[in-house]
Amino acid sequence: MFKLILGVVVYFFATLLMGYYFVGVSFIKSIQLAFLITIIHLLIRFIDRLYKRETNNNGEG
């Protein structure tokens with residue numbers, strides 16, 4: 001659980017810094033962008049985990 005939380009925090013700050021320094025938007029817009037990208041990233045991981053669980057259960061039948 002700690003590894004997941006640490007990974008999300010590192011991902012958030014990486015996208016925050018990329019948005020702020022490389023894209024050149026304001027700090028507030030960069031926080032919004034990083035939050036949105038992080039939420040989308042977590043949703044994709046969650047959907048992938050559910051899909052893998054569903055495909056593994058179908059094979060056991």
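Reader: Leaving aside its neighbours within four places in sequence, which residues is serine 30 in contact with?
Author: This is a predicted model: local features need pLDDT of at least 70, side-chain atom pairs count only at pLDDT 80 or more, and totals for chains, interfaces and linings use all residues. Residues are numbered from 1 along each chain as its sequence is written, and side-chain values use heavy atoms, with hydrogens and water left out. Contact means heavy atoms within 4.5 Å. With neighbours within four places in sequence left aside, the partners of serine 30 are Leu16, Gly19, Tyr20 and Val25.

Reader: Is serine 30 buried or exposed?
Author: Serine 30 lies in helix H2; helices are DSSP runs of H or I with at least four residues, strands are runs of E with at least two, and both are numbered from the N terminus. Buried means under 20% relative accessible area, exposed over 50%, and partly exposed in between, with a 1.4 Å probe and protein chains only. Because its relative accessibility is 0%, serine 30 counts as buried.

Reader: Which backbone atom does the side chain of serine 30 reach?
Author: The atom belongs to tyrosine 20, a residue of helix H1. Tyrosine 20 is partly exposed, at a relative accessible area of 34%. At 3.2 Å, the side chain of serine 30 reaches the backbone nitrogen of tyrosine 20.

Reader: Which element gives the most to the nonpolar patch?
Author: Patches take residues with over 30% relative accessible area and no salt bridge, joining like charges within 9 Å and nonpolar side chains (Val, Leu, Ile, Met, Phe, Trp, Tyr) within 5 Å. The surface patch has about 1,000 Å² of accessible area together, and Tyr20, Phe22 and Ile31 are among its members. Helix H1 (2–23) and helix H2 (27–60) each give two or more residues to it. With six residues, the element that gives the most is H1.

Notes. Areas by Shrake-Rupley, 256 points an atom, 1.4 Å probe, with all protein chains shown as cover. Salt bridge = Lys/Arg side-chain N within 4 Å of Asp/Glu carboxyl O. Polar contact = N/O pair within 3.5 Å; in protein donor to acceptor, adjacent residues only side chain to side chain.
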